[in-house]
Amino acid sequence: MKTVGILISGRGSNMMALVEAGIPVGLVASDKPDAPGLAWARERGIPTFALSPKGIGKAAFEAQMDAALRDAGCEIVALAGYMRLLSDDFVARWRDRIVNIHPSLLPRYKGLDTHARAIAAGDSVAGCSVHVVTEELDAGALLGQAEVPIIPGDAPETLALRVLEAEHRLYPQVLKEFASR
Ligand code: GRF
């Protein structure tokens, strides 16, 4: 299986699910030096990269992150709650080797607030999608999806928890297959 670099901005529960599923993780990188997931990774001896783009700019930030990923032997980049748009240049340098998990059944509800939008639309089913990252937001080829029911009375928060559990099953399963290609 190819070595994976995981990009996070926050709690990193999907990153934890990937690590715990035995995916070979070469680096956990974050644009938020205080991201809780970074400490979790460090405690487990996983190499980490933490740098804020503030002050140095996006190009310099991405160049350093790119170098750290390559130095760590990563061949695939997995976004797991990474809250910044990657530049076209970064996407091109990792063409077809960046994947993301998105909390909706794409192509429905690209972008933010997916759960609130699914509930507001009266959907009875929600879910999550793993897809290849391209220059266009949440639009690359789908690698896998999982559905969960929307239950009457669901709030965005309760639905988000149900979808998150599905994410933790789907992402390791899809990434294992992708990293074994
Ligand atoms: C998840 O809902 C994921 O689908 C989205 O951002 C959230 C990240 O959560 N892209 P976590 O940091 O993995 O806990």
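Visitor: Which residues of α1 are buried?
Guide: This is a predicted model, in which local features need pLDDT of at least 70, side-chain atom pairs count only at pLDDT 80 or more, and totals for chains, interfaces and linings use all residues. Residues are numbered from 1 along each chain as its sequence is written, and side-chain values use heavy atoms, with hydrogens and water left out. Helix α1 is mostly covered, with 6 of its 8 residues buried, where buried is under 20% relative accessible area, exposed over 50% and partly exposed in between (1.4 Å probe, protein chains only). The buried residues of α1 are Ser13, Asn14, Met15, Ala17, Leu18 and Val19.

Visitor: Against which elements do the buried residues of α1 pack?
Guide: Helices (H or I, at least four residues) and strands (E, at least two) are DSSP runs numbered from the N terminus, and contact means heavy atoms within 4.5 Å. The buried residues of α1 pack against β1, β2, α2, β4 (76-79), β5 (98-102) and α6.

Visitor: At roughly what angle do the axes of α1 and α6 cross?
Guide: Axes are lines fitted to C-alpha atoms, for helices over the stretch in contact, with angles from 0 to 180 degrees between N-to-C directions. Those of α1 (residues 13-20) and α6 (residues 156-179) come within 9 Å and cross at roughly 45°.

Visitor: What is the handedness of the crossing of α1 and α6?
Guide: A crossing is left-handed if the near helix is turned anticlockwise from the far one by less than a right angle, and right-handed if clockwise. The crossing of α1 and α6 is right-handed.

Visitor: Which residues of α6 meet α1?
Guide: From α1, the residues taking part are Ser13, Asn14, Ala17 and Leu18. On the side of α6, they meet Leu164, Glu167, His168, Tyr171, Pro172 and Leu175.

Visitor: Is asparagine 14 buried or exposed?
Guide: Asparagine 14 is found in helix α1 and, leaving aside its neighbours within four places in sequence, is in contact with Ala80, Ile101, Leu164, Glu167, His168 and Tyr171. Because its relative accessibility is 7%, asparagine 14 counts as buried.

Visitor: Which exposed residues does α2 carry on the face turned away from its buried side?
Guide: In helix α2 (residues 36-43), Gly37, Leu38, Trp40 and Ala41 are buried. They cover an arc of only 160° around the axis, and so lie on the same side of α2, the arc being that of the directions from the helix axis to the C-beta atoms. These buried residues pack against β1 (4-8), α1, β2 (25-30) and β3 (48-50), while the face turned away carries the exposed residues Pro36 and Glu43.

Visitor: What separates the C-alpha atoms of arginine 42 and valine 28?
Guide: Arginine 42 lies in helix α2 and is partly exposed, with a relative accessible area of 45%. Leaving aside its neighbours within four places in sequence, arginine 42 is in contact with Pro33, Thr48 and Ala50. Its C-alpha atom and that of valine 28, 14 residues apart along the chain, are separated by 8.9 Å.

Visitor: With which residues is cysteine 74 in contact, leaving aside its neighbours within four places in sequence?
Guide: Cysteine 74 lies in the loop between α3 (58-71) and β4, and is buried, with a relative accessible area of 6%. The C-alpha atoms of cysteine 74 and valine 25, 49 residues apart along the chain, are separated by 7.9 Å. Beyond those sequence neighbours, cysteine 74 is in contact with Thr3, Val4, Gly5, Gly26, Leu27, Leu69 and Trp94.
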